[in-house]
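Biologist: I am new to this structure and would like to learn how to read it. Please take me through it feature by feature.

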Amino acid sequence: MTTRRATVVTVFAEALSAPEVAWSLLDAGFNVTSIARRGHGSALRHSRKIVCHEICPPEQDIAQALRDMVSVLDSLSYPHSDPILLFPLDDTAVWMCNELTLNGNWILVGPGKSGADLALNKHQQTQLALKAGFKVPETGVASSVQQAIALSEQIGFPLVLKSVECTPVRNGRKIARRTRICANANELDAALREWNESIPLLLQKYVIGVGEGVFGLATPEGVQAWSAHRRLRMMNPHGSGASACVSIPVDQSIRQKTETLIRDGKWTGLFMIELLRDRSGEAWFVELNGRPWGSMALARRQGLEYPAWSACIALAHGSHIDTARTTSPGLVCRNLGRELMYLLFVIRGPRSAAMVDWPSIWTALRTILQTSPRERYYNWRRDDKKVFFADCFYTLKNNLFKAGA
């Protein structure tokens, strides 16, 4: 399918998936530019193929960020009359793109208002997952310390605490979210003091397991381009995105439940269902992601061009995209910066007594040094090498200087 050299604007350049999404779109024939947070470094800024336009970070002033985004989009539209596609790459971008009033020349590649509400609300997701037949850890929502303590007594330790909202906006700015694992009342008390009733809090029974992901592209004809992965390592064993993952066959039971969730949620476009598989082999629902996911590199190494397919479908509704691909189980993809951070987190040690399976330093070092011919790396492209090295640098810099890292 021809893209008529249409332009896609990705938001934000700092998203983990940003380089792989940009390359997928470029290889499909799109022009690509990106919106970046002013003052924030990113690997994509070092690409020889992409221009980044800066706006006020929404974490500083959400209203100014929206005004800046409109200004950038208007400058890109004039004097062109061809449609331009807007592609959100992280949760904040999903929220912001649905706050804008787009003119007729702009096409959103991503969830609209109803889809965004689902993608950005973890409590809605758990309720929908339960109806779809997924196993969901016992869950409750608290707005006060008293409610949180009562729920902890009802659910029992260990607990995981996280924000209900993926993009909480308070006092005119987007505020940070932090996930905490609590093994006992003392750890819960410390977490609640830090929380300070600032945003609605989701409390769940903490499940020890291995992370898995199921991916696809929801179209009017049903879900296409199924794939799946299993996390080999998380950057922070306490809980974070993957530093290394391996492709696996799609579990048919999970596929059926996912199809039900996607249908009941009226979801369209690309998606990721994140799961935890416990020691007994049971898969537990964690969340739905409605934008490109961090391990997009692994999908693309298998020929699964989810970003390009999504843009093509948005550009021409009803168009047929050849999403038929043979996935490659056993293919490993690693993020170099995150692998190094994994080793540093292991050396630092656990921050909760709930982490009973913390890896040893020697085990971590051995797994990092082991390589095989079936391994690939995130954000590596021979004709755009600076992106790879910049991604490693910013991953280390951002995590080492982040509070609590």
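**Reading the contacts**

Modeller: Glu-59 forms a salt bridge with Arg-37, with the closest N and O atoms 3.2 Å apart. This is a predicted model, in which local features need pLDDT of at least 70 and side-chain atom pairs count only at pLDDT 80 or more, while totals for chains, interfaces and linings use all residues. Residues are numbered from 1 along each chain as its sequence is written, and side-chain values use heavy atoms, with hydrogens and water left out.

Biologist: What is a salt bridge?

Modeller: A salt bridge is a side-chain nitrogen of Lys or Arg within 4 Å of a carboxyl oxygen of Asp or Glu. A search of the whole structure finds 28 salt bridges.

Biologist: Which parts of the chain does the pair of Glu-59 and Arg-37 link?

Modeller: Glu-59 is in the loop between β3 (51-55) and α2 (62-77), and Arg-37 is in strand β2 (residues 31-37), 22 residues apart. Helices (H or I, at least four residues) and strands (E, at least two) are DSSP runs, numbered from the N terminus.

Biologist: Is Arg-37 buried or exposed?

Modeller: Buried means under 20% relative accessible area, exposed means over 50%, and partly exposed is in between (1.4 Å probe, protein chains only). Arg-37 has 6% relative accessibility and therefore counts as buried. Glu-59, at 25%, counts as partly exposed.

Biologist: Which salt bridge does Asp-90 form?

Modeller: Asp-90 forms a salt bridge with Arg-37, where the closest N and O atoms are 3.5 Å apart. Asp-90 lies in the loop between β4 (84-88) and α3 (91-97), so the pair ties together parts that are 53 residues apart in sequence. Asp-90 is buried, with a relative accessible area of 15%.

Biologist: Which residues are linked in a network of salt bridges?

Modeller: Glu-20, Asp-27, Lys-49, Arg-300, Arg-301, Glu-305, Arg-381 and Asp-383 are linked in such a network. Elsewhere, Arg-170 forms a salt bridge with Glu-165, and their closest N and O atoms are 2.7 Å apart. Arg-170 counts as partly exposed, at 26% relative accessibility.

Biologist: How are two packed helices described?

Modeller: They are described by the angle between their axes and the distance between the axes. Axes are lines fitted to C-alpha atoms, for helices over the stretch in contact, and angles run from 0 to 180 degrees between N-to-C directions. Here helix α6 (residues 145-155) and helix α7 (residues 185-195) pack at an angle of about 150°, with their axes 11 Å apart. Angles under 35 degrees count as roughly parallel, over 145 as roughly antiparallel, 65 to 115 as roughly perpendicular and the rest as oblique. α6 and α7 are therefore roughly antiparallel to each other.

Biologist: Which residues make the contact of α6 and α7?

Modeller: Contact means heavy atoms within 4.5 Å. Val-145, Ala-148, Ile-149 and Ser-152 of α6 make it with Leu-188, Leu-192 and Trp-195 of α7. By class, these residues are 6 nonpolar, 1 polar and no charged. Ala, Val, Leu, Ile, Met, Phe, Trp, Tyr, Cys and Pro count as nonpolar, Asp, Glu, Lys and Arg as charged, and the others, Gly among them, as polar.

Biologist: At what angle do α11 and α13 cross, and which residues meet?

Modeller: The axes of helix α11 (residues 336-348) and helix α13 (residues 385-400) come within 7 Å and cross at roughly 30°. That makes α11 roughly parallel to α13. Leu-336, Gly-337, Arg-338, Leu-340, Met-341 and Leu-344 in α11 meet Phe-388, Cys-392, Thr-395, Leu-396, Asn-399 and Leu-400 in α13. This contact has 8 nonpolar, 3 polar and 1 charged residues.

Biologist: How many residues of helix α10 are buried?

Modeller: In helix α10 (residues 306-315), 10 of the 10 residues are buried, so the helix is largely enclosed by the rest of the structure. Among them are Tyr-306, Trp-309 and Cys-312.

Biologist: Where does Ala-228 lie, and what is it in contact with?

Modeller: Ala-228 lies in strand β13 (residues 222-234) and is buried, with a relative accessible area of 4%. Leaving aside neighbours within four places in sequence, its contacts include Gly-213, Phe-215, Ile-248 and Val-250. Ala-228 and Val-250 are 22 residues apart in sequence and 5.4 Å apart in space, C-alpha to C-alpha.
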